[in-house]
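Visitor: I am new to this structure. Please pick a place in a loop, look at it closely, and then lead me on from there.

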Amino acid sequence: MSRSNGPLRFARSGVRTLAPSSTLEINERVRDMWARGEQVYHLGFGESRFPVHPRLKAALADAGDARSYLPSAGIPELRKAIASQQSLVLGQEVDPARVVVGPGSKSMLYATLLCLGEEILLPRPSWVTYAPQVHLLGKTLTWVPTSADHRYRIDLDVLEDVIRDARAGWGNPEVLVVNSPNNPTGLMMTPEEVEALALFAREQGLVLVSDEIYSLAAHGTVPHVSPAQFYPEGTVVVGGLSKSLSLGGWRVGHAVVPTGEAGRALARAIAGIASNVWSCVTAPVQHAAVLAYATEGELAEYRDLCTAMHAVRTRALFDQVAGAGLDCIAPDGAFYVYPSLDRFGEALAERGVSSDRALALALLEEAGLATLPGSAFHGDDPFSLRLSSSWLDAETDEKAQALVGAYRAAPDPDSFIRDHHPGIADVGARLRAFLAGLH
């Protein structure tokens with residue numbers, strides 16, 4: 001029998017139909033446009049752009065001779081450093097035995113979801129990678145709707161209805177993924193909401209997978225509180241270094257498993273996956289990362305400085321977006337704003353823009369603004385967008401370094417934005433011009 005495509009066959013349709021990450025895809029497109037000399041503001045990629053701290057560079061160089069395989073769960077020194085930091089973040093004592101290290105938080109999420117449950121609950125909207133990971137695992141995905149009217153928070157009545165309906169249909173939702181500070185909205189659950197959700201999960205027998213990659217990038221308007229503080233036996237906390245210290249390319253992530261014998265079994269299972277898939281995180285990076293998880297000293301101070309700059313820059317972007325007339329909720333953390341152009345829907349339709357994806361394309365081509373459509377995050381709003389402040393006025397390493405120096409010298413938010421962020425103001429001007437063209 002003739003096979004026009006040769007002997008290659010995908011084992012699972014889920015792999016064959018999987019689309020690239022929207023965030024990575026827009027990053028590649030913007031880089032291509034920059035290479036052609038086009039003026040584009042990169043609002044589509046949530047990569048922290050601040051420089052690697054000099055002490056981390058030195059630590060990485062010093063560990064350059066580390067070339068042997070390391071323990072799959074991570075070297076003891078790194079697990080101890082992570083446990084110390086997470087003890088402060090989670091508000092509970094974390095034993096290093098509860099920590100597993102992996103190549104970025106994505107791998108920790110994937111390994112955790114591989115180990116737990118057959119039906120995964122995801123809020124809508126949520127980060128672009130959660131749903132594809134569930135898809136790749138061949139597990140059932142059940143959406144939990146949220147809305148701007150309720151600050152995109154998980155409404156426990158709605159969640160209970162979703163679970164009841166799933167069980168009535170012979171489903172078995174066992175795992176809920178939560179993310180605060182949130183990507184794409186930049187919003188956070190209040191401590192009261194976190195406690196209520198944790199107690200609800202315990203009552204329902206759900207495991208919470210708490211993605212806390214932005215926990216050290218909260219703006220100070222809402223305190224970050226982990227559900228593990230209230231539900232330690234049923235919460236897996238996932239995080240890493242990519243956002244707090246601009247180390248996305250280092251690929252260092254961690255999982256803190258629940259307390260008790262079940263948590264210890266989960267740690268062994270994740271380490272088993274690691275040993276058979278990626279062996280271990282790169283040896284020199286592991287040794288250098290011990291310093292990156294420091295809870296005091298130069299690295300902790302630098303982490304706080306970066307958080308402060310992210311907050312100032314993101315709030316300034318929000319001010320421009322809101323000032324342009326877009327509906328948007330002020331962010332509490334991370335580097336995102338999540339505006340809606342729904343009230344411009346009729347005018348957009350007259351221009352032939354019928355979806356948020358078409359809107360994102362129009363903004364890119366007509367205004368030089370690279371954004372991501374809300375539908376990339378499985379949002380329900382017809383014309384929502386996610387904008388990131390992380391690349392603005394930090395497109396090169398030299399610009400990013402200059403921003404750090406400027407803020408160290410004069411940590412005044414108003415002058416920092418006025419004197420060092422012309423791009424943020426220009427983004428606002430371009431948004432206003434685009435909207436004016438709709439009338």
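Guide: Ser279 is partly exposed, because its relative accessibility is 28%. Keep in mind that this is a predicted model. Ser279 sits in the loop between helix H9 (260-277) and helix H10 (283-292). Look at its backbone. The phi angle of Ser279 is positive, at about 65°, although Ser279 is not a glycine.

Now go to Ala334. This residue is not a glycine, yet it has a positive phi of about 60°. Its loop runs between helix H11 (298-323) and strand E9 (336-337). Is Ala334 buried or exposed? Ala334 counts as buried, because its relative accessible area is 0%.

Next come the cis peptide bonds. One joins Arg124 to Pro125, with omega near 5°. Pro125 belongs to the loop between strand E3 (119-124) and helix H6 (130-137). Another cis bond leads from Ser180 to Pro181, with omega near -5°. Pro181 is placed in the loop between strand E5 (175-179) and helix H8 (191-204).

Stay in that loop. Asn182 also lies between E5 and H8. Asn182 counts as buried, because its relative accessibility is 13%, and the cut-off for buried is under 20%. The side chain of Asn182 makes a polar contact of 2.9 Å with the side chain of Thr185. Leaving out residues up to four places away in sequence, Asn182 touches Leu187 and Tyr336.

Turn to helix H16, residues 422-436. H16 has 15 residues. From first C-alpha to last, H16 reaches 21 Å, close to the 21 Å expected. Which residues of H16 are buried? They are Gly423, Ile424, Val427, Gly428, Leu431, Phe434 and Leu435. Seen down the helix axis, these buried residues fall within an arc of 150°, so they line one face of H16. The face turned away from that buried side carries Pro422, Ala433 and Ala436, which are exposed. Several elements cover the buried residues of H16, including H11, helix H12 (345-350), helix H13 (356-367) and helix H15 (413-420). Strands E1 (41-42) and E10 (369-370) are also among the covering elements.

The largest nonpolar core has 76 residues, and Leu341, Leu348 and Leu359 have the most contacts inside it. H11 gives the most to this core, with 10 residues. Apart from it lies another core, of 32 residues, among them Val128, Ala255, Ile273 and Leu372. In soluble globular proteins, nonpolar side chains tend to be buried together.

Ala255 takes us to strand E8, residues 253-256. Gly253 and Ala255 point one way from E8, while His254 and Val256 point the other way. All four of these residues are buried. In a regular strand, side chains alternate between the two faces of the sheet.

Which strands pair with E8? One is strand E2 (residues 99-102), which pairs with E8 in the antiparallel sense over 4 bridges. Here Gly102 stands opposite Gly253. Another is strand E7 (residues 235-240), paired with E8 in the antiparallel sense over 4 bridges. Here Val238 has Ala255 as its bridge partner.

Note on methods: Residues numbered from 1 in each chain as written. Predicted model: local features only at pLDDT ≥ 70, side-chain atom pairs only at ≥ 80, totals over all residues. Heavy atoms only, no water. Helix = DSSP H or I, 4+ residues; strand = E, 2+ residues; numbered from the N terminus. Buried < 20%, exposed > 50% of the residue type's maximum accessible area, 1.4 Å probe, protein only. Expected span 1.5 Å × (residues − 1). Arc of directions from axis to C-beta. Contact = heavy atoms within 4.5 Å. Core = buried A, V, L, I, M, F, W, Y, C linked by side-chain atoms within 4.5 Å. Polar contact = N/O pair within 3.5 Å; in protein donor to acceptor, adjacent residues only side chain to side chain. Pairing = 2+ DSSP bridges.
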